[in-house]
Amino acid sequence: MSIFFHEQLYRTDEIMAKLKEFPVTICGAGALGANLAENLARAGFGKLKVIDRDRIEERNLSTQPYYRSDVGAFKAKILANNLYRAIGTKVEAATKELTATNAAQLLKESRLIVDVFDNSASRQAVRDYADHTGIPCLHAGLSADYAEVIWNDVYRVPSDVNDDVCNYPLARNLVMLTVAVACEVIVSFVATGEQRHFTITLKDLSVQFLNL
Amino acid sequence: MTDIRKLLNQIASAEAHLQSTQFLAPCVKGGRVRTRVAGMVYTFTPKPRQFEGWGIFQPVDEQTATLVEGADLPHIAAYLQQFPSVRLRLAYRLQNQTWLAYPMNEADMRQRFKTVKPVVVHLTTEGVGFEQILARWNGNSCWFEEVDRRADPTIAETLQSNLKQLTPVEELQFKRITPEMRSLYKLATQQIEGFAQPQRDEKRLRQALKLGGGELHQFQDRGDYWTVDWITSDGTRHTSAVTPVMRSIIAKDDLTVVSSGICLSGRDRDFDLQSLVGVMEHREW
């Protein structure tokens, strides 16, 4: 019996084998990225890479799975260490800023890119790289009580107006809901190749399938 | 019988191979790194000399090995898994990432390692005083593995808070305290200068009285309070009862008067020992 026993019963052995070998790169280890990485690792993904240049700050602890004692450390590094300690999955951690210049080097081995960055410049770099290479790329983002999980071909990078990294409203429940939706979209993409888009609003607890 | 030349050739070949091989090793600040080839231990001075941590090293000559990069957690874990694990509690930092720790379970340690004593733990990258950790003993040194997530964190907090309040070892008491925790606490107090409570108490009383212009004659610890014999500048002797507030829940370095020795109309507790001297000398209250 493996630690993924219940997932295995739900997903089937065949899908679990696919998840284990499918290389996914998560761009961002913040509220969405860190929780998404944890979800994917615990769902059976075995080849994960996380890119984030930021360090853990006290205000991150309400929405991100870090400890008080982690404050000051690199998010990607701590995330990788925690998941290795928890379930033995070796997550590759890159503590660099992703730019147009190094995108190719950082993303080259991915078969799926997940963009959960918190700033438009990095999102643009990921989007352009995915456009250019044709590597499937899923974007997940939040804004107040709204979230979206959108594939690259119809995704629009938001303006940099909300790029203030300190002061923005963020509800943990919206984060977790979005992470669950994105994770399910990723699993179904790996299993069937289908690319589904969703929007989520917290106030009416609505998860809406978008037929784009 | 083994051909000595053949054996020497084997070792020489292994040594030559070592020059082109990277190895993982722990390194304390200013220390050296070791690896084993063909049953022989090779010791190198790391470059940079002041490196501390887990590293991947590349030998450059017989004496020196250059740090290639810091080692990843999976590599470190694989290295540590070769050695038996031991649960300890951190007592205090000796220097840099080296801490003194005490076994969580003396009986277990005695059974497995044939000895019970404080242990020096290297490369302790996490944890604070009294926290429970997992470490690995390689027969020579003890290496930090991780903070023990199974341990109840409130125990470490309780011990820390007692240390902050300078609770004497013999008065240390809380739910689920073990003899090992008491030994650990004693170990931690020994490195705090003047922690020995009677001397410390005397020093506090002497200072408080001195600030007010008085002089300590003698004092006795009565448990909840002290009786203090002291002398004013005009040579008059007084006996007052004083409680050290910092021993109670309020962590305030204060010496509250329980009973001054003179009539203060029930307002004894409005005074501390220092102000009491002025009151006694000038009766201005």
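Q: How many residues does the contact take from chain A and from chain B?
A: Contact means heavy atoms within 4.5 Å. Here, 8 residues of chain A and 9 residues of chain B take part. This is a predicted model, in which local features need pLDDT of at least 70 and side-chain atom pairs count only at pLDDT 80 or more, while totals for chains, interfaces and linings use all residues. Residues are numbered from 1 along each chain as its sequence is written, chains are lettered from A in the order in which they are written, and side-chain values use heavy atoms, leaving out hydrogens and water.

Q: What area do chain A and chain B bury between them?
A: Buried area is the accessible area (1.4 Å probe) that two parts lose on being put together, summed over both. For chain A and chain B it is about 740 Å², with 46% on carbon and sulfur atoms. On the side of chain A, Tyr67(A), Tyr84(A) and Arg85(A) lose the most area to chain B, together 65% of what that side buries.

Q: How many salt bridges are counted between chain A and chain B?
A: A salt bridge places a side-chain nitrogen of Lys or Arg within 4 Å of a carboxyl oxygen of Asp or Glu. The count between these chains is 3. Arg85(A) forms a salt bridge with Glu146(B), where the closest N and O atoms are 3.5 Å apart.

Q: Which residues of H4(A) meet H2(B)?
A: Helices are DSSP runs (H or I, at least four residues), numbered from the N terminus. Asn81(A), Tyr84(A) and Arg85(A) in H4(A) meet Leu73(B), Pro74(B) and Ala77(B) in H2(B).

Methods: Helices (H or I, at least four residues) and strands (E, at least two) are DSSP runs, numbered from the N terminus.
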